[in-house]
Every structure is written in structure tokens, then in C-alpha cells.
Amino acid sequence: MSHPSCALLGFQFLYLGERMDKKVVSSGEQWCTRRGRAPGLADLMGDLKLSVQDRPTGVLHVQHGQVSIESGGDATALLAVDSQDTLLHVLGGELHPFVANLQGRLRIEGDRALELRILLGLRAGSPWNGLAKVEAA
């Protein structure tokens with residue numbers, strides 16, 4: 001099953017034999033279908049809408065330490081970033097959200113307390129860690 005929001009940004013991915021852009025995909029897996037455990041979010045439940053270059057990209061779903069990106073749904077907060085690279089660095093916990101905000105690469109709207117708890121919790125461990133470091137050959 002393809003994740004429709006991955007295609008919104010004009011990137012090509014490996015999915016059912018299609019091409020992939022290695023800059024945003026690791027081990028042939030789409031970043032937006034990756035899911036798993038985030039230890040820093042063990043006591044948290046909530047949803048965070050993701051937007052790249054003002055285009056909806058999905059909803060980060062957090063439920064007691066398990067995280068996934070869904071293609072749609074309601075959320076009480078919005079994380080808007082300037083590029084997919086910034087999104088992967090923030091989701092991977094490799095870029096502090098305060099630093100990204102000060103650099104003008106990230107903005108938050110809605111339930112800021114929930115959003116910051118999620119983003120800071122991802123820094124303790126994330127299924128997206130390391131994906132932004134994979135570069136095209």
C-alpha cells in the first residue's frame with residue numbers, strides 16, 4: 001500500500017519496484033511508512049499534523065511510545081517545516097526544534113505544549129533516526 005503523502009513533494013521512492021531517492025530513504029523503506037518505538041514518548045498520546053513547504057505530508061500518531069505517520073486524520077497541533085530534510089532531522093531527533101525554529105526552518109501552531117513534548121521526546125529515540133544522513137550516491 002502506497003502512502004499518498006510521500007508523493008506530494010515530488011520525490012521518487014522505492015515502493016513496489018519504483019525508483020527511490022536515497023537522500024530520504026534508508027534500506028528501501030519509505031520514511032513515511034516507518035513506525036516503531038519512541039522511548040521518550042512512553043507516557044504520551046496525541047497527533048501532530050506534518051506539513052512540508054505548506055503541503056500536508058501526514059499526521060504523526062503517538063500512542064504510549066509507539067509512533068507512526070498516517071496519511072490523514074485530525075490533530076491538535078501543526079509542525080510546518082521548510083524542507084523534507086528538515087522534517088527528517090527533526091523526526092529523527094537530530095535537530096533540536098528550538099534551533100530549527102530560530103533558523104526559520106520550523107514553525108509550530110496549535111497545541112504547542114503537546115508538540116514540544118513530542119518533538120523533544122523523539123530526541124530520546126526515534127524510528128526515523130539516521131534517515132536524513134543517507135545521501136544519494
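Leaving aside its neighbours within four places in sequence, which residues is Glu-115 in contact with? Contact here means heavy atoms within 4.5 Å, and the residues in question are Leu-48, Ala-77, Leu-78, Leu-79, Arg-107, Ile-108 and Glu-109. This is a predicted model, in which local features need pLDDT of at least 70, side-chain atom pairs count only at pLDDT 80 or more, and totals for chains, interfaces and linings use all residues. Residues are numbered from 1 along each chain as its sequence is written, and side-chain values use heavy atoms, with hydrogens and water left out.

Glu-115 lies in helix H3, which covers residues 112–122; helices (H or I, at least four residues) and strands (E, at least two) are DSSP runs, numbered from the N terminus. Glu-115 is buried but has no salt bridge, and the nearest side chain of opposite charge, that of Arg-112, is 6.8 Å away. Buried means under 20% relative accessible area, with exposed being over 50% and partly exposed in between, for a 1.4 Å probe and protein chains only. A salt bridge is a side-chain nitrogen of Lys or Arg within 4 Å of a carboxyl oxygen of Asp or Glu, and for charge Lys and Arg count as positive and Asp and Glu as negative, while His and the chain ends are not counted.

The next element to follow is an open sheet of six strands, whose order is E1-E4-E3-E2-E5-E6 and whose pairing is mixed. Its edge strands are E1 (36–37) and E6 (106–110), each of which pairs on one side only; two strands pair if DSSP finds at least two bridges between them. E1 and E4 pair in the antiparallel sense over two bridges, and Arg-37 has Gln-66 in E4 as its bridge partner.

Strand E3 (residues 55–63) and strand E4 (residues 66–70) also pair in the antiparallel sense, over five bridges. Along this pair, Val-59 stands opposite Glu-70 and Val-62 stands opposite Val-67. E3 and E4 form a hairpin with two residues between them, and His-64 in the turn has a positive phi of about 50 degrees.

Helix H1 (residues 84–91) is largely enclosed by the rest of the structure, because seven of its eight residues are buried. The buried residues of H1, among them Leu-87 and His-89, pack against strands E2 (45–52), E3, E4, E5 (77–81) and E6 and against H3. Just after H1, Gly-93 takes a positive phi of about 80 degrees.
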